[in-house]
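Please read the points below alongside the sequence and the model.

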Amino acid sequence: IPGQDAEALRDHAVATLTRARARTALLTSCVDEDDLTAQHSPLMSPLVWDLAHIGNQEEQWLLRTVGGHDAVRPDIDSIYDAFEHPRSERPTLPLLPPAEARAYAADIRDRVLDVIERTPLDPGTPLLSSGFAYGMIAQHEQQHDETMLITHQLRKGPAALHAPEPPAPDAGDAARLPAEVLVPAGPFAMGTSTEPWALDNERPEHQRLVPAFHLDTVPVTNGAYKAFIEDGGYGDERWWAPAGWAQIREHGIAAPLFWRRDGNEWLRRRFGTVEPVPDDEPVLHVSWYEADAYARWAGRRLPTEEEWEKAARHDPATGASRRYPWGDAEPAAEHANLGQRHLRPARAGSYPAGASPLGVRQLIGDVWEWTSSDFLPYPGFTVFPYPEYSKVFFGGDHKVLRGGSFAVDAVACRGTFRNWDLPVRRQIFSGFRTARDA
Ligand code: AVJ
Ligand code: FE
């Protein structure tokens with residue numbers, strides 16, 4: 001967050017909320033009304049639910065809690081409460097139609113901008129009345145924008161979204177990269193107590209002693225994953241956790257989601273177009289079970305969450321943990337593939353400017369990376385500000401993903417950021433890299 005004075009914080013909060021709304025507008029204006037109200041997959045909400053849910057969360061936190069305003073639409077709180085209604089049943093709710101949902105979100109935003117004008121931001125405290133609440137709501141909107149992009153990927157029909165290709169890596173440089181990097185043993189500071197917009201599950205900072213390990217320099221590619229498929233990986237129970245084996249048998253899964261075999265070629269559907277699967281791009285749309293099975297087949301394993309974060313944040317020269325692999329600077333276009341600038345991961349070996357001190361590439365952006373770890377609270381965790389963000393998900397059901405995808409905005413992605421999902425999920429923008437003990 002640039003500057004420490006209230007005015008700079010306020011400008012930053014407004015700019016970040018505005019960027020999120022521009023993306024929401026794009027995702028909800030590039031398809032017609034029927035597409036906005038349809039359910040494209042039972043795994044997802046209709047887009048128009050996400051749109052009004054974004055407005056309703058903003059009303060609850062920024063208008064009512066921070067601004068002290070009376071409720072504008074208390075009658076719709078329950079419809080847009082994610083815990084009252086699972087995604088599969090949201091199409092049956094009396095949802096605001098697209099024009100009303102848009103007008104509602106815009107009305108709330110206007111009122112919130114008024115609140116921001118009048119509420120001094122206190123840079124020193126993680127209280128709700130400081131900038132944190134704005135950061136939390138900007139992250140919330142961007143997270144739902146990523147969710148809506150997943151819905152776009154699941155939607156049938158011609159392409160509605162367009163974006164330039166990611167920059168091609170320098171072929172010579174990419175070819176010279178070592179397959180793996182050694183991360184030496186030693187303590188490291190995990191999590192954060194100072195990052196102003198870090199969410200409750202990233203806090204507090206605490207020491208971990210991490211034994212030496214080797215980590216893939218780049219995420220596992222489609223080409224490497226095809227070798228697993230061609231070696232009969234989906235038919236060999238040895239590689240699979242029992243629940244993963246049951247899932248692939250029950251659903252006939254034999255390749256990443258959206259892949260299809262055509263003669264000797266693999267094709268994939270990507271945002272309304274069908275194309276050959278590129279070998280040198282990180283694999284996408286695999287479940288935790290698929291990632292875990294690949295790693296075992298390769299004689300390796302998934303990294304733990306603490307290994308991943310040490311590789312991404314620990315600076316061996318100073319012993320300190322940094323915000324990103326490249327240092328403390330905010331992510332720029334040369335560092336990482338973030339923010340839906342592109343509609344796919346960049347090829348493996350891209351973004352030399354985003355490398356960690358030890359040379360690990362593409363830890364931030366491109367694909368969410370499955371780790372071996374369950375989603376658990378850090379020692380000293382406290383709920384902030386509501387238990388339904390993190391606390392209710394802690395336990396053995398969810399696996400942690402790190403690093404963010406091409407579909408996550410920089411505000412909702414940093415070295416400490418933790419995502420989680422069920423190990424069966426594969427519609428998310430998920431990939432992985434592998435590790436081994438040193
Ligand atoms: C952190 C991405 C798992 O989308 O379910 C959105 C974020 N929480 N609204 C999700 C979230 C409440 C959450 N993830
Ligand atoms: Fe939400």
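1. In what order do the strands of the open sheet of three strands run, and is the pairing parallel or antiparallel? The order is 5-6-7 and the pairing is antiparallel, two strands being paired if DSSP finds at least two bridges between them. Strand 5 (259-262) and strand 7 (273-276) stand at the edges with a single partner strand each, so one side of each lacks a neighbour in the sheet. From one strand to the next the twist averages 35 degrees.

2. This is a predicted model, in which local features need pLDDT of at least 70 and side-chain atom pairs count only at pLDDT 80 or more, while totals for chains, interfaces and linings use all residues. Residues are numbered from 1 along each chain as its sequence is written, and chains are lettered from A and ligands numbered from 1 in the order in which they are written.

3. Strand 6 (residues 265-270) pairs with strand 7 in the antiparallel sense over four bridges, and Arg 269 has Val 274 of strand 7 as its bridge partner. Helices (H or I, at least four residues) and strands (E, at least two) are DSSP runs, numbered from the N terminus.

4. Around ligand 1 lie His 140, Gln 143, His 144, Thr 147, Tyr 389, Asn 419 and Trp 420, each with its C-beta atom, placed from the backbone, within 6 Å of the ligand. Helix 5 (132-154) and strand 10 (419-421) are the elements that give two or more residues to this shell, and the largest share, four residues, comes from helix 5.

Terms used: Axes fitted to C-alpha atoms, helices over the stretch in contact; angles between N-to-C directions.
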